[in-house]
Amino acid sequence: MIEGAPEPLTGRIYDRLAALFGYREFRPFQEEVIRATLAGRDSFTLMPTGGGKSLCYQLPASLMPGACVVVSPLISLMKDQVDAARAAGLRAAAYNSAGSASDWQYAVEALRAEQLDLLYLSPERLQVPDFMSWLKQRRLAFFAVDEAHCISEWGHDFRPDYLALAALKEQFPGVPLAAFTATATRRVEADILSRLRLADPLLTRASFNRPNLFYQITPKLDLEAQLLEFLKERQGEAGIIYRTTRKNVEATAAFLQGKGIAARAYHAGLPDAERSAVQDAFRNDECRLIVATVAFGMGIDKSNVRFVVHADLPKNLESYYQETGRAGRDGEPACCALFYGRADIAQLMRFAESQPEAESREIARHQLYRLLDFTQKEGCRRRALLGYFGEEFTLDNCGACDVCAGTVEREEASVAAQKLLSAMARTGGRFGARHVIDIVIGKANKRIRELGHDQLPTFGVGSDRDDGYWRRVMDAILAQGLAALPEGSWPTPAVTERGWEVLRGRRQCFMVTAAEKAAKTSQDATRLAGGLDGPQLELFELLRAERAELARQAQMPPYVVFSDRSLREMAELLPQTPNALLRISGVGQHKRDVYGAPFLAVIEAWLEKHPEMAPARPDPPELAPGSGLAANAPPKAAKASTRGETWRETGRLLDRHMSIGEVAEARGLKTATVLNHMENLAREGKRFPPEAFMDPERLAFLRDLFKTCGSWQLGPVVLLSREDSNPDLPGRGETDFEEARLARILLYGRLPPLNSTLLPATVP
Ligand code: ADP
Ligand code: ZN
């Protein structure tokens, strides 16, 4: 069965990809992983952040009978995950210590009624024996274990709770398990496989390359000025500035605020309430810029972070990869800027040397050198970074790093470095950088004469270059770890083992300098792919504002409504009909139906102001479902203005006291389509007299159901109406989706019926 079957499957999974998620093709490895799950096989998938892991389990969950149980460690993210799945049209619920009793009741009912695609669980729930035995009686499609590295003590996020997952394969023998992680060394990977007891799993390692991230690395000269310059070009974009200490976090945030930039500080020393307020503000696009220690970002799934700045050197390359990985999860261009200075290097060196055990000292040193090499390598940043993770990047020019974009210059400075290192060695590493430079330049000042340093062979060997040049060489020496600044009140660089290699001609020293136009060009490079300007940028902003408003009403983060990328494509392609909207990446049928109309209205209004921008190529003709009128669709000129016409025609007929069924019949539409039109009209502000459409007692009953569920969602209302699940409201009959939807239009009028939204308490 397995061998011959795949053909029809191809169709099904591609249909789902378009209909639910609005994407035209799979990202690398998604399809393989999905197929394995559908075939009942275990899998382990290593994919970088933003690689598209959730789709790997959401899509099969929508196709397979029974629910997919998703185990995920971050309770704070679960609500967003559930919202995002629901926004795509999946039936999802969560069970964790943060949820309310009614959330749980809904999850239980939906699971029992086999009306659930996804159940998000925190790992500690799997330790509750009663729950486990209850779960065993349910129909489960498969388990998805997110952040699977949490099960390994070798990983950096070990969680004892995750050990409970070891029992899953034993307790649910027939249920496949798909494990996912973005961070796993080989050792952690082996650990995950054995602890989860996966049987002949499909093993997938996706590339760690994040092609949409632009990497730039710049020596720290005047950090504050450099930050201002960097931010100037990025107003209104969401970003994070990382600093290593709380004190620096606060100083930088205060500095930016003083310059009128609305930045907020985040670090572990702030009160809990303040921290979660900052996180929420960032998540909801209310505050775009956060200055933080690396504690920030762990619980953030925000996909439209447009830049991550390291204003100090990160701890090591793993951390750098992980932290920069928080940018551009939506696949849109994003910038990762690193500023490093002497003091950072000295601090990391001190950290390495202060390790008590010889072995950990060695590890810390090694990590630091790899990091310094990375900042100093004379090649593509991306190649160096991927190389660190054992991955070969073969393109000559990656097109998205400062080196490949030609914004930094490098020169070989081995001979110059030898001169300074030699002066350092001959004076025993007991003098400051200034003094060493003076020796090389040949400054016969009083102190140098007193110490007899004017008699050294290196005295004056560098008199051909100026002081500024030698200071740059000194920086390069320190940055490459050729000399180290030992702890002490007076920093005196001393030659390291590596430095000796340079002195012996076995290692080269390169000097990296920012090209004149560095900052500017690299920003253009990230921007090029973004590509919007003038009035279209204005439209993009209008669409963003609309999204913010919808998201606010729905109490969920904006990117769950539509990604930045979807909005950018809307501003570029200017869709004018619901069907055309489906061609936008990230817009599936459900999202189009639920959220599409207000965005089309924004585009329509904007096009009225900018008729010259109207696309030359018309949208394909709109097909009214079941109308069979495709052949004589109206000509293009009339198109834009007739978009709302079909709803309005429905509205006119309803105003003439036709029932919904009569309108459907007269217009050759399905009832669902008529309800669609009513919903669109309601969003435009039209009110329908409730008594004309529904018996008042019945409507009151449905209002109670909505209030009890506390949600705009129809699914819970329909479930709750079933007698057995509803001891409070007995004997009043079940409702169905159509009736519930009609009631929602009548009751809540122009409030957008956003799925997954909790009903505000203020609603009557
Ligand atoms: P991960 O969990 O691996 O970090 P996500 O599942 O959050 O990544 O996906 C990152 C982004 O990529 C999301 O905005 C998602 O909608 C998008 N995405 C996933 N699959 C595809 C695809 N096949 N085509 C385009 N975008 C995709
Ligand atoms: Zn490059």
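Analyst: H30 and H34 are roughly parallel to each other, because angles under 35 degrees count as such. This is a predicted model, in which local features need pLDDT of at least 70, side-chain atom pairs count only at pLDDT 80 or more, and totals for chains, interfaces and linings use all residues. Residues are numbered from 1 along each chain as its sequence is written, and side-chain values use heavy atoms, without hydrogens and water.

User: Which values describe the packing of H30 and H34?

Analyst: Two packed helices are described by the angle between their axes and the distance between the axes. Axes are lines fitted to C-alpha atoms, for helices over the stretch in contact, and angles run from 0 to 180 degrees between N-to-C directions. Helices (H or I, at least four residues) and strands (E, at least two) are DSSP runs, numbered from the N terminus. For H30 (residues 671–683) and H34 (residues 737–748), the angle is about 15° and the axes are 10 Å apart.

User: Which residues of H30 and H34 meet?

Analyst: Contact means heavy atoms within 4.5 Å. Among those in H30 are Leu 675, Met 678 and Ala 682, which belong to the group meeting H34 residues that include Leu 742 and Ile 745.

User: What is the strand order of the open sheet?

Analyst: Two strands pair if DSSP finds at least two bridges between them. The six strands run S8-S13-S12-S9-S11-S10, with parallel pairing. S8 (213–219) and S10 (263–266) are the edge strands, each pairing on one side only. S10 pairs with S11 (residues 289–292) over four bridges, and Ala 263 has Leu 289 as its bridge partner in S11.

Technical notes: Chains are lettered from A and ligands numbered from 1 in the order in which they are written. Angles under 35 degrees count as roughly parallel, over 145 as roughly antiparallel, 65 to 115 as roughly perpendicular and the rest as oblique.
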